[in-house]
Amino acid sequence: MKKIAVFLVDDHEIFRNGLKQLINNEPDMEVSGEASSGEEAITSLVHMQADVIIMDIRMQGISGLDTGKSVIKANSNAKLLFFSLFDNPDYVSTALDMGASGYILKDTSNKIFLHAIRSVHNGHFYFIGDVTDTVVRKYHEQRNVTGEISTVGAPEIALSKREQQIIRMIHQGVSNKEIAETLGISIRTIEAHRLNILRKFQVSTIEEAMENARAASLLV
């Protein structure tokens with residue numbers, strides 16, 4: 001099985017080394033290259049192909065955002081995943097506009113980090129935590145007066161695959177108990193997912209969440 005080739009861009013060597021060890025311990029991925037600056041990343045990626053590029057935002061010299069724009073142009077098949085300490089709305093919006101596949105925060109768990117790599121490699125978008133709230137706000141701001149929705153930053157990228165499964169089952173009238181039995185998880189976990197769905201869509205009821213999900217073509 002061909003491993004996912006991951007390229008790391010971060011100006012902190014200790015942090016890069018930790019990520020490298022984490023990634024290389026996985027059977028389906030490996031670090032194919034790394035850079036300590038935006039300039040180094042741009043130069044290296046001219047001669048090297050990567051499946052997923054992990055990019056820090058704030059670095060000395062060229063910023064991660066400016067670097068991201070350059071590497072996306074030079075590596076059209078690579079997926080760009082920003083990995084940052086900052087959930088600044090402007091950063092997230094810029095990442096979306098340039099065509100990044102994801103934006104996650106550095107305080108996330110190892111499990112979520114690895115899942116994000118696999119997810120963007122498979123063609124999905126991955127935005128989590130407070131970053132997701134920014135994505136949803138951007139989506140709402142892009143509604144026009146006729147109620148139409150722009151496809152850029154639409155909320156389908158706000159929900160994880162599991163959350164999409166759950167909201168579809170809720171829409172079908174399946175109870176929490178039945179969902180838990182079908183997915184092999186606890187009812188408490190289902191309830192936690194429901195609350196997270198409400199938070200991500202910034203609504204107070206599951207009916208409102210389903211309305212937003214339907215508008216984003218998550219429900220048919």
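1. Overall composition. The chain of this predicted model has 220 residues, and 48% of them count as buried. Its secondary structure comes to ten helices and six strands. Among contacts between residues at least 6 apart in sequence, 62% join residues at least 24 apart.

2. The six strands form an open sheet, and their order is β2-β1-β3-β4-β5-β6. The pairing in this sheet is parallel. At the edges stand β2 (29-35) and β6 (126-127), each of which pairs on one side only. As background, strands of a sheet pair through backbone hydrogen bonds, either parallel or antiparallel.

3. Strand β3 and its two partners. Strand β3 is joined to β1 by four bridges, and the two run parallel. Four bridges also join β3 to β4, again in parallel. Individual partners can be named on both sides. Valine 9 has methionine 55 of β3 as its bridge partner. On the β4 side, isoleucine 53 is bridged to leucine 80, and methionine 55 stands opposite phenylalanine 82.

4. Burial within the sheet. In a regular strand the side chains alternate between the two faces of the sheet. Both faces of β3 are covered: Val52 and Ile54 lie on one side, Ile53 and Met55 on the other, and all are buried. Strand β4 is largely enclosed by the rest of the structure, because five of its six residues are buried.

5. The largest nonpolar core. In soluble globular proteins, nonpolar side chains tend to be buried together. Here the largest nonpolar core has 24 residues, and those with the most contacts inside it are Phe7, Val9, Ile53, Met55, Leu80, Phe82 and Tyr103. At least two core residues come from each of β1, α2 (38-47), β3, α3 (64-74), β4 (79-84), α4 (89-98) and β5 (102-105). The greatest contribution is that of α4, which gives five residues. A second, separate core consists of 20 residues, including Leu159, Ile179, Leu183 and Phe201.

6. Phenylalanine 7. Which residues does phenylalanine 7 touch, not counting residues up to four places away in sequence? The list is Ser32, Gly33, Glu34, Ala35, Ala41, Ser44, Leu45, Met48, Ala50, Val52, Ile53 and Ile54.

7. Valine 9. This residue lies in strand β1. Its relative accessible area is 2%, and valine 9 is therefore classed as buried. Leaving aside neighbours within four places in sequence, valine 9 is in contact with Ala35, Ser37, Ala41, Ile53, Ile54, Met55, Asp56 and Met59. The C-alpha atoms of valine 9 and glutamate 34 are separated by 5.8 Å, although the two residues are 25 residues apart along the chain.

8. Arginine 16. Is arginine 16, a residue with a relative accessible area of 9%, buried or exposed? Arginine 16 is buried, because the value of 9% falls under the 20% cut-off. Arginine 16 lies in helix α1. Beyond its neighbours within four places in sequence, arginine 16 is in contact with Leu8, Asp10, Asp11, Glu34, Ala35 and Ser36.

9. Rolling a probe the size of a water molecule over the atoms shows where empty space is left. The count comes to one cavity of 30 Å³ or more. About 40 Å³ of space lies in the largest cavity. Its lining is made up of Leu8, Val9, Asp10, Phe15, Leu19, Ile54, Met55, Asp56 and Phe83. The elements giving two or more residues to this lining are β1 (4-9), α1 (13-24) and β3 (52-55). By residue class the lining divides into seven nonpolar, no polar and two charged.

Note on methods:
Residues are numbered from 1 along each chain as its sequence is written. This is a predicted model: local features need pLDDT of at least 70, side-chain atom pairs count only at pLDDT 80 or more; totals for chains, interfaces and linings use all residues. Side-chain values use heavy atoms; hydrogens and water are left out. On a 1 Å grid over the protein atoms alone, a cavity is a set of points where a 1.4 Å probe fits but cannot get out, and a pocket is an open set with protein on both sides within 12 Å along at least five of seven lines; lining residues have an atom within 4 Å of a point. Grid points are joined across faces, edges and corners, and a volume is the space filled by probe spheres set on the points. Ala, Val, Leu, Ile, Met, Phe, Trp, Tyr, Cys and Pro count as nonpolar, Asp, Glu, Lys and Arg as charged, and the others, Gly among them, as polar. A nonpolar core is a set of buried Ala, Val, Leu, Ile, Met, Phe, Trp, Tyr and Cys residues joined through side-chain atoms within 4.5 Å. Buried means under 20% relative accessible area, exposed over 50%, partly exposed in between (1.4 Å probe, protein chains only). Contact means heavy atoms within 4.5 Å. Two strands pair if DSSP finds at least two bridges between them.
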